[in-house]
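Here are my notes on this one, as numbered points. Have a look at the model first, then read on.

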Amino acid sequence: MNSSRRYFLKVASLSTFALAAGAAGTKAAGAEYEAYPEGLKAKRWAMVIDTRRFQNPESMRPIIEACHKAHNVPTIPGPKEVKWIWDDTFEHAFADDPSPLLPRGIEERRFFLMCNHCTNPSCVRVCPAGATYTTQGGLVAIDYHRCVGCRFCMAACPYGSRSFNFQDPRPFIKELNAAYPTRMRGVVEKCTFCAERLEKGLMPACVEASNGAILFGDLNDPDSVVRQALARNFSIRRKPSLGTDPGVYYII
Amino acid sequence: MFNAKYVIPGIIVFAGLFTAPFWINMLSPKHEKVVVELPAHPVTFFGEERSQCIEPREWMAANHMELLIEWRDSALRENKRIYTATDGKKWETSLQNTCMACHSNKTEFCDKCHDANSVNPYCWDCHVIPQGNNNEF
């Protein structure tokens with residue numbers, strides 16, 4: 001009886017090895033992967049928004065449209081809305097700033113809001129599927145293939161940057177950009193700091209559309225445009241007390 | 001073996017009946033090989049007109065799904081978006097902008113084989129099908 005059990009274990013372990021080897025052998029041919037040589041690189045990407053240049057809410061529309069058109073973001077009215085970049089008042093954008101008496105210029109001004117690409121992103125910590133992660137230059141990215149739609153990240157994000165696709169977004173996309181995918185029902189989406197454009201050497205779509213009012217660069221490089229702008233102007237960030245270390249700076 | 005003269009023929013009959021749908025279908029006169037529509041015109045990639053697929057046709061037919069998964073992971077997780085094929089040519093790792101630039105007819109290319117093999121991939125829930133060939137979007 002003992003010998004037959006021994007024989008069974010031998011056959012079982014050998015066939016497990018054979019199966020594992022077979023599975024490993026199906027990997028693709030001797031191909032290699034590389035990044036675009038013209039791709040932009042940074043230790044820590046950051047955005048600086050000169051809010052003084054957006055006194056008129058109408059001047060913000062083309063920038064929002066440029067982003068949403070480039071990324072096939074649907075326009076859905078009501079509570080199921082999906083947004084990557086939007087605008088709001090000082091009171092809402094900087095909710096933990098206590099001053100109730102704001103100068104009129106700031107009270108009437110609207111502020112661009114988007115994903116802050118935090119250094120310590122709470123959304124990444126809570127994602128149970130590994131679908132959201134930090135990548136090159138501290139960008140917070142989402143792999144929609146992996147997203148299971150649990151919306152933990154939406155609960156964790158203190159900036160409300162993430163939107164859930166409650167329905168198929170395609171009927172709500174006015175003009176389809178055929179070079180970029182859409183999303184499907186049941187995944188969460190948000191601003192990506194245009195990772196796909198940075199990798200081809202292009203600046204983010206909102207930066208390009210802003211005429212220099214939105215700056216983008218490496219926060220770790222003292223000569224970068226963002227560092228120079230921050231050195232010359234007073235800037236604030238959203239909810240810094242939470243310790244997420246957001247990467248979007250607002251010049252007031 | 002106990003009762004081998006009954007057990008072994010029994011197993012053979014069971015295996016024959018169990019696989020009947022496959023071989024009945026294969027022997028029937030209505031059985032045909034799936035013929036997909038291959039792209040007719042060369043497309044420009046990296047400044048060069050190309051009419052060959054990135055890898056040999058048989059290899060692609062058998063392994064395209066694993067290649068696409070590799071492409072996805074290298075592009076999204078490692079920020080590597082250029083694929084150097086076995087023949088040394090470079091391609092952008094993109095289903096929408098590389099594969100479907102040539103294979104623009106989804107119904108006659110992708111769907112034919114997928115339907116015949118009864119697989120239902122959800123690539124096109126997000127990735128956009130080139131317009132003009134399909135009415136799906």
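1. A term first: two strands count as paired if DSSP finds at least two bridges between them. Helices (H or I, at least four residues) and strands (E, at least two) are DSSP runs, numbered from the N terminus. With that in hand, A:Ser235 has A:Ile251 in β11(A) as its bridge partner. Strands β10(A) and β11(A) (residues 248-251) run antiparallel to each other, over 2 bridges.

2. Some housekeeping: this is a predicted model, where local features need pLDDT of at least 70, side-chain atom pairs count only at pLDDT 80 or more, and totals for chains, interfaces and linings use all residues. Residues are numbered from 1 along each chain as its sequence is written, while chains are lettered from A and ligands numbered from 1 in the order in which they are written.

3. Now the sheet around that pair. In chain A, 4 strands make an open sheet with mixed pairing, in the order β9-β2-β11-β10. Its edges are β9 (214-218) and β10 (235-236) of chain A, each pairing on one side only.

4. Helix α9 of chain A (residues 225-232) lies across β2 (45-50), β9, β10 and β11 of that chain, at about 115 degrees to β9(A). Angles run from 0 to 180 degrees between N-to-C directions, with axes fitted to C-alpha atoms, for helices over the stretch in contact (C-beta atoms, placed from the backbone, within 7 Å).

5. Overall, chain A has 9 helices and 11 strands. Its radius of gyration is 23 Å, well over the 18 Å from the globule rule for 252 residues, so chain A is more spread out than a compact globule. (That radius is taken over C-alpha atoms; the rule is 2.2 Å times the number of residues to the power 0.38.) The C-alpha trace spans about 90 × 45 × 40 Å along its principal axes.

Key: Contact = placed C-beta atoms within 7 Å.
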